[in-house]
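Let's take this protein model apart one question at a time. Have the picture open while you read.

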Amino acid sequence: MKEHKEKIKEFKEHLETLGYNKSSVYGLPRCAEEFLSMNPHTDFSAITATHIKTFHEFLQQRPNKKSSGGLSECTIAHYLYSLKMFFNYLEITEQIRENPMSMLTFKSPQSNAREILTQQEIGQLFESCSTQREKTILHLFYSCGLRRNEAAQLNIRDIHFRENMLFVREGKGYKRRVVPMTKKVKDDLWNYFIEERNEYLKPESPADAFLLNKWGTRLQGYGYSSIVKNLVHRAKIIFQNISPHSLRQSIATHLLENGVRIEYVRNFLGHEFLATTQIYTRVSKKQLLEINAKAHQT
């Protein structure tokens, strides 16, 4: 249906305007489009909760196109979130009078929590590094608390070595922030830049990218994940779910445990709300109250 395709395009533009990252701008409309493909002749105003329940049942039976078996609970939840965003968009732009998602509730998926490493295990990761590039990657996610997408977009001009500052030009929601670097972090990043980066350079290499892969192009998200997994294996850390995001969560937890005020940690991570920072870490509410009480006394 032509109208459906036009609305999906408008929805994508809406997400871009709100500052969602590229994967969300691509993925959320695709999920909504799959739902609409099952109801090709249904007007938006005629879509009801029953249509969505039927789609939910279909997802629970649908085979996974990329691997054997069915869709995971998290994938199904992502589809439902996409529909929620899509119908919210139609509602706020007054294209529908009633939101079919508003009266529906679904069971939250059971997912394995990301592992948070101890400070000793972080030390093991750094000891397992064999190159300055590997140390730099750990620093970006742990010492600087970057998101994977932020590391992939990092350019040479974003690192001010003299001022010991790293600039995140486009964080989540296009928010900018400045991350301070310790002397150790600055020195390790500088050593990679001066000593190793040229080893990865190719004639077609982007001149501005700070970290390059073995083909000389900008190191992307999956490349970072692969390197972190290799370091975890090399350090003989038993957890299976360690990712770049785990390192970001680990530094947030360690900062709070060491008495750093949660407002600073929120700014360091680029969170908009304090509640996000609290949920993000493994520090209990009781610990958080004690940490903040001590911080306000100093």
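Q: In what order do the strands of the open sheet come, and how do they pair?
A: First, a strand here is a DSSP run of E with at least two residues, and a helix is a run of H or I with at least four, both numbered from the N terminus. Two strands pair if DSSP finds at least two bridges between them. In this predicted model, the open sheet has three strands with antiparallel pairing, in the order 1-2-3.

Q: How many bridges join strand 2 to strand 3?
A: Start with strand 1 and strand 2 (residues 165-168), which run antiparallel and are joined by two bridges; there, Ile159 stands opposite Leu166. Strand 2 and strand 3 run antiparallel as well, with Val168 opposite Arg177. The number of bridges joining strand 2 to strand 3 is four.

Q: Which residues make up the covered face of strand 3?
A: In a regular strand the side chains alternate between the two faces of the sheet. Strand 3 has Val178 and Pro180 on its uncovered face. Its covered face has Arg177 and Val179.

Q: Is Ser128 buried or exposed?
A: Ser128 sits in the loop between helix 5 (119-127) and helix 6. Contact means heavy atoms within 4.5 Å, and beyond its neighbours within four places in sequence, Ser128 touches Glu134, Leu231, Arg234 and Ala235. Buried means under 20% relative accessible area, exposed over 50%, and partly exposed in between (1.4 Å probe, protein chains only). Ser128 has a relative accessible area of 11%, so it is buried.

Q: Which element of the chain has the highest mean pLDDT?
A: pLDDT is the predictor's confidence in each residue, from 0 to 100. For the chain the mean is 86, and 88% of the residues reach 70 or more. Helix 13 (residues 285-297) has the lowest mean among the elements, 54, while the highest, 97, belongs to helix 6 (residues 132-143).

A note on the ground rules: residues are numbered from 1 along each chain as its sequence is written, and side-chain values use heavy atoms, leaving out hydrogens and water. Local features need pLDDT of at least 70 and side-chain atom pairs count only at 80 or more, while totals for chains, interfaces and linings use all residues.
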